[in-house]
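Please look over the strand pairing and the charged side-chain contacts of the structure shown here.

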Amino acid sequence: MAVTKEQVLEALKNVYDPEIPVNVVDLGLVYRVEVEPGTQGERVYVEMTLTAPGCPMYGPIGASAREAILQIPGVEDAMVNVVWDPPWQPSMITEDGKKVLRGFGYQI
């Protein structure tokens, strides 16, 4: 069974920036997802960003994203590349993400 982009995004909804109570997908941090056939499963490539360049959580969030993807049945390997261009903007937050933030008192 082939792994889908939707499965990858669903898995990434379990990854959070520890300072923000919204997952990386609903924060609008995931820019690209590619799934390609591998020799024993699928290979997944994700391009994502963080809310601020130089964020000290660069390594841990990228590693958490990779681990979440590797938990998907059928994934052979995963690569997560953190990029800074285009820069993240609050307008990239999904409606679900905005609802969560409003629940915590953020003005979005």
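How many bridges join strand β1 to strand β2? Seven bridges link β1 (residues 30-37) with β2 (residues 42-48), and the two strands run antiparallel; strands pair if DSSP finds at least two bridges between them. This is a predicted model, in which local features need pLDDT of at least 70 and side-chain atom pairs count only at pLDDT 80 or more, while totals for chains, interfaces and linings use all residues. Residues are numbered from 1 along each chain as its sequence is written, and side-chain values use heavy atoms, with hydrogens and water left out.

Helices (H or I, at least four residues) and strands (E, at least two) are DSSP runs, numbered from the N terminus. The β1-β2 hairpin has four residues between its strands, and Gly41 takes a positive phi near 160° there. Arg32 stands opposite Glu47 in β2.

Six salt bridges are found in a search of the whole structure, each being a side-chain nitrogen of Lys or Arg within 4 Å of a carboxyl oxygen of Asp or Glu.

Asp77 is partly exposed at 35% relative accessibility, as is Arg66 at 31% (buried means under 20% relative accessible area, exposed over 50%, partly exposed in between, with a 1.4 Å probe and protein chains only).
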